[in-house]
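Q: I would like to go through this model one piece at a time. Shall we begin once the structure is on screen?

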Amino acid sequence: DAISRRERSMLTLALLAATGNFAEIPMHVRATARTGATPSDILQAFMHVAVYAGVPAANHAIKLAKETLAEMQAD
């Protein structure tokens with residue numbers, strides 16, 4: 001309870017990207033509709049991944065997030 005749902009969502013996405021669990025990212029991006037994490041929040045979390053876990057991991061996560069967010073917009 002010490003962190004908000006939004007913050008927890010951002011942390012989860014960052015950890016998934018940093019550990020290479022890319023298959024889980026779309027599901028958690030979709031969950032941001034309920035957690036309050038914005039597309040900007042998602043990008044910032046992945047930018048943090050770039051610094052601490054590597055640019056390739058962050059780039060792939062950003063690609064997946066953009067695709068998922070576009071799908072969400074279309075629905």
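Q: Which residues of α3 are buried?
A: This is a predicted model. In α3, the buried residues are Asp41, Ile42, Ala45, Phe46, Val49 and Ala50.

Q: What do the buried residues of α3 pack against?
A: They pack against three helices: α1 (5-18), α2 (25-35) and α4 (55-74).

Q: How far apart are the end C-alpha atoms of α3, and what span should its 15 residues have?
A: The end C-alpha atoms of helix α3, residues 39-53, are 20 Å apart. At 1.5 Å a residue, the 15 residues should span 21 Å, so the two values agree.

Q: And what follows α3?
A: Glycine 54 follows α3, and the phi of glycine 54 is positive, near 115°.

Q: Back to aspartate 41: why does it count as buried?
A: Aspartate 41, a residue of helix α3, has a relative accessibility of 11%. Buried means under 20%, so aspartate 41 at 11% falls in that class.

Q: Which backbone atom does the side chain of aspartate 41 reach?
A: The side chain of aspartate 41 reaches the backbone nitrogen of threonine 38, at 2.9 Å.

Q: What else is aspartate 41 in contact with, leaving aside neighbours within four places in sequence?
A: With those neighbours left aside, aspartate 41 is in contact with Arg6, Met10 and Gly36.

Q: Changing topic: which residues line the largest pocket?
A: The lining consists of Glu7, Met10, Leu11, Ala14, Ala18, Ala45, His48, Val49, Tyr52 and Ala53. Helices α1 and α3 each supply at least two residues of that lining.

Q: How much space lies in the largest pocket?
A: About 150 Å³.

Q: How many of the lining residues are nonpolar, polar and charged?
A: Eight residues of the lining are nonpolar, one is polar and one is charged.

Q: Now threonine 35. Is it buried or exposed?
A: Threonine 35, which lies in helix α2, is buried because its relative accessible area is 18%, and the cut-off for buried is under 20%.

Q: Which side chain does threonine 35 make a polar contact with?
A: The side chain of threonine 35 makes a polar contact with the side chain of serine 9, at 3.2 Å. Leaving aside neighbours within four places in sequence, threonine 35 is in contact with Arg5, Arg6 and Ser9.

Q: Arginine 5, then: buried or exposed?
A: Arginine 5 belongs to helix α1. With a relative accessible area of 56%, arginine 5 is exposed. Its contacts, again leaving aside neighbours within four places in sequence, are Arg34 and Thr35.

Q: What about arginine 34, buried or exposed?
A: Arginine 34 lies in helix α2 and is exposed, with a relative accessible area of 59%. The C-alpha atoms of arginine 34 and methionine 72 are separated by 13 Å, although these residues are 38 residues apart along the chain.

Q: How far apart in space are arginine 5 and glycine 20?
A: From C-alpha to C-alpha, arginine 5 and glycine 20 are 22 Å apart, with 15 residues as their separation in sequence.

Q: Last topic, α4. Which residues are buried there?
A: The buried residues in α4 are Ala57, Ala58, Ala61, Ile62, Leu64, Ala65 and Thr68. What covers them includes α1, α2 and α3.

Q: And what span should the 20 residues of α4 have?
A: At 1.5 Å a residue, they should span 28 Å. The end C-alpha atoms of α4 are 28 Å apart, which agrees.

Definitions and conventions. Residues are numbered from 1 along each chain as its sequence is written. This is a predicted model: local features need pLDDT of at least 70, side-chain atom pairs count only at pLDDT 80 or more; totals for chains, interfaces and linings use all residues. Side-chain values use heavy atoms; hydrogens and water are left out. Helices (H or I, at least four residues) and strands (E, at least two) are DSSP runs, numbered from the N terminus. The expected span of a helix is 1.5 Å times one less than its number of residues. Buried means under 20% relative accessible area, exposed over 50%, partly exposed in between (1.4 Å probe, protein chains only). Contact means heavy atoms within 4.5 Å. A polar contact is a pair of N or O atoms within 3.5 Å; within protein, one must be able to donate a hydrogen and the other to accept it, and residues adjacent in sequence count only if both atoms are side-chain atoms. On a 1 Å grid over the protein atoms alone, a cavity is a set of points where a 1.4 Å probe fits but cannot get out, and a pocket is an open set with protein on both sides within 12 Å along at least five of seven lines; lining residues have an atom within 4 Å of a point. Grid points are joined across faces, edges and corners, and a volume is the space filled by probe spheres set on the points. Ala, Val, Leu, Ile, Met, Phe, Trp, Tyr, Cys and Pro count as nonpolar, Asp, Glu, Lys and Arg as charged, and the others, Gly among them, as polar.
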